[in-house]
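Here is a short briefing to read alongside the model.

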Amino acid sequence: MPATASDYTFLREFILSRSENILDPSRDDLFEARLYRLMQSHNMTGLDELVSKLRLSADPVLEQAVVEAMTINETSFFRDLAAFELLRQKLLPQLIEKCGGHHTLRFWSAASSSGQEAYSLAMVIRCHFPQIADRSVEIIGTDINAEMVRRAHAGRYPRMEVNRGLPARLLLKYFTRDGEEWEIAPELRALCRFQQRNLAQTLPMFDRFDGILMRNVLYYFPQETQKRILQNVHAALQPDGFLLLGSSEQSVCPDLWQPVLDGKVCYYTPR
Ligand SMILES: C[S@@+](CC[C@H](N)C(=O)[O-])C[C@H]1O[C@@H](n2cnc3c(N)ncnc32)[C@H](O)[C@@H]1O
């Protein structure tokens, strides 16, 4: 039987209740496209059957697989290059000067997808701030999607992905070709670790971070969720740390976050 309007409504509400991602009803066709393989692997004939299973709430593994299939994982190395220039020229030098090498600098790539953002930051640090890279940097990437976390941890990328945003000299310097894939160098991997976390749930108490990159994810959440996440992130940041959002995102909590415009890039400091 073809899926009904109420099946689609159920699916949108299901996703909203799990990852808090809003899915636009005009894009209901995405459900078929993105859930096709999952349905095939469970020998299901259509979305109506999947919805019937989900309505029973009896299969947490299936539920998580549906949530993960519906996340948008678009990312690339050095996405929005201006933000990485700002890190290199201003935000990292300021942090290093302030901490004077006395404590480990901790960064959080929140919604890290397959890891390109975290590894791009690691490359900036290795290339331009080798004095801190060896022992006093930690980059934690988190994402709701377990498959993305696994890929980030593996640090292996097909040609198409290393061709997006990664300068050739950095590809040659920090990656080794292995068949059809390029593997990230151990010296970058050593700076990064990845965990599965849902940003919309209360965050576990991380030690505070010096810098947080939470880019291109806020716009998937309703405004109330954005506020809650921005409050949690505020609590997870050092008072003199910084927050970078995506270039088309902004904080909906003006009382908590002070925007600072630097050239074309806006970053935030905690109030
Ligand atoms: C468009 S990607 C952005 C990746 C990277 N930050 C960048 O800017 O290139 C959005 C990521 O957010 C993740 N995501 C969506 N909802 C989430 C949630 N509730 N908790 C954690 N991650 C989530 C998705 O799995 C996806 O990998």
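Two strands are said to pair if DSSP finds at least two bridges between them. With that in mind, β7 and β8 pair in the parallel sense, over 5 bridges. Please remember that this is a predicted model. The notes begin with the whole chain, move on to the strands and their partners, and finish with two residues worth a visit.

**The protein as a whole**

- The secondary structure amounts to 12 helices and 10 strands.
- The protein has a radius of gyration of 20 Å, close to the 18 Å that the globule rule gives for 271 residues, so it is as compact as a globular protein of that length.
- The C-alpha trace spans about 65 × 50 × 30 Å along its principal axes.
- Of the 271 residues, 50% count as buried.
- If you look at contacts between residues at least 6 apart in sequence, 72% of them join residues at least 24 apart.

**Strand β2 and its partners**

- Strand β2 covers residues 137–143 and is mostly covered, with 6 of its 7 residues buried.
- Strand β1 (residues 105–110) runs parallel to β2, and 6 bridges join the two.
- To find this pairing in the viewer, look for S109, which stands opposite G141 in β2.
- β2 is also joined to strand β6 (residues 192–196), again in parallel, by 5 bridges.
- Here the pair to look for is I139 and C192, with C192 belonging to β6.

**Strand β7 and its partners**

- Why is strand β7 (residues 209–214) described as largely enclosed by the rest of the structure? The reason is that 6 of its 6 residues are buried.
- β1 and β7 run parallel and are joined by 3 bridges.
- W108 stands opposite I212 in β7.

**A closer look at F242**

- F242 is found in strand β8, which covers residues 237–245.
- Is F242 buried or exposed? Its relative accessibility is 3%, so F242 counts as buried, the cut-off for that being under 20%.
- Leaving aside neighbours within four places in sequence, F242 is in contact with L87, L91, L95, F107, D210, G211, I212, L213, L237, Y267 and Y268.
- F209 lies 33 residues away from F242 along the chain, yet their C-alpha atoms are separated by 8.9 Å.

**A closer look at R12**

- R12 has its place in helix α1, which covers residues 5–18.
- With a relative accessibility of 18%, R12 counts as buried, because the cut-off is under 20%.
- Which residues does R12 touch, not counting those up to four places away in sequence? They are L23, D24, P25, D28 and F31.

Key
Residues numbered from 1 in each chain as written. Predicted model: local features only at pLDDT ≥ 70, side-chain atom pairs only at ≥ 80, totals over all residues. Heavy atoms only, no water. Helix = DSSP H or I, 4+ residues; strand = E, 2+ residues; numbered from the N terminus. Rg over C-alpha atoms; globule rule 2.2 N^0.38 Å. Buried < 20%, exposed > 50% of the residue type's maximum accessible area, 1.4 Å probe, protein only. Contact = heavy atoms within 4.5 Å.
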